[in-house]
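Reader: Hi! I'm new to reading protein structures. Could we walk through one together?

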Amino acid sequence: MEILEELKEKFNKLNKERGILFKKILELEDQETLKKFTVGNCYLDIFKNHFAKVIAIDNDELCAIIIDECSIKRDWFTAEDIKTWKKITSHQFKDAYLATMKDIRDPDFEEGQESNWNKVLNSIVTSINS
């Protein structure tokens with residue numbers, strides 16, 4: 001019975017150490033991910049279909065201007081959030097901005113028609129994939 005208790009205690013210690021090591025690995029991976037991003041660079045989130053321009057990086061987060069189909073906003077992101085971002089040019093970002101503004105300002109815009117936003121998004125996605 002004493003051997004069983006010793007093995008359980010050793011297992012618990014190793015499991016705790018495993019958790020500490022895993023947390024450290026994740027922190028280092030996040031730091032490496034964030035190092036790939038630079039203030040001023042522009043990106044397309046291929047998972048959420050929005051455009052981002054990095055405006056600040058602070059320790060383990062970055063702040064970006066986000067443009068999507070119907071809004072322009074500022075938001076903070078963790079390294080986990082930005083793993084699906086692909087770099088685009090500042091010109092492409094500007095095109096997305098102008099397309100969103102044109103759609104927002106169009107009083108006759110109706111759901112279902114191809115928007116300026118969709119045209120720009122499709123063009124940029126095609127350029128990334130080629």
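**Salt bridges and a helix**

Author: Happy to! Glu80 forms a salt bridge with Lys83, and their closest N and O atoms are 3.4 Å apart. Keep in mind that this is a predicted model.

Reader: How many salt bridges does the structure hold?

Author: There are three. Another one pairs Glu9 with Lys13, where the closest N and O atoms are 3.6 Å apart. Glu32 and Lys35 also form a salt bridge, with 3.3 Å between the closest N and O atoms.

Reader: Where do Glu9 and Lys13 lie?

Author: Both are in helix α1, which covers residues 2-35. Glu9 and Lys13 are four residues apart, about one turn of the helix. Glu32 and Lys35 lie in helix α1 too, three residues apart, and that is also about one turn.

Reader: Okay, but why does a spacing of three or four places matter in an α-helix?

Author: An α-helix has 3.6 residues a turn, so residues three or four places apart point the same way.

Reader: Let's switch to helix α2. What span should its 16 residues have?

Author: Helix α2 runs over residues 90-105, and at 1.5 Å a residue it should span 22 Å. The end C-alpha atoms are 22 Å apart, so the model agrees with that expectation.

Reader: Which residues of α2 are buried?

Author: They are Gln92, Phe93, Ala96, Ala99, Thr100, Met101 and Asp103.

Reader: And what covers them?

Author: The cover includes the strands β1 (42-45), β2 (50-58), β3 (61-68), β4 (71-78) and β5 (85-88), along with helix α3 (116-129).

Reader: I'm curious about Gln92. Why does Gln92 count as buried?

Author: Its relative accessibility is 16%, and buried means under 20%, so Gln92 qualifies.

Reader: Which residues does Gln92 touch?

Author: Leaving aside residues up to four places away in sequence, Gln92 touches Ile124 and Ser127. The side chains of Gln92 and Ser127 are also joined by a polar contact of 3.1 Å.

Reader: Great, thanks for the tour!

Definitions and conventions: Residues numbered from 1 in each chain as written. Predicted model: local features only at pLDDT ≥ 70, side-chain atom pairs only at ≥ 80, totals over all residues. Heavy atoms only, no water. Salt bridge = Lys/Arg side-chain N within 4 Å of Asp/Glu carboxyl O. Helix = DSSP H or I, 4+ residues; strand = E, 2+ residues; numbered from the N terminus. Expected span 1.5 Å × (residues − 1). Buried < 20%, exposed > 50% of the residue type's maximum accessible area, 1.4 Å probe, protein only. Contact = heavy atoms within 4.5 Å. Polar contact = N/O pair within 3.5 Å; in protein donor to acceptor, adjacent residues only side chain to side chain.
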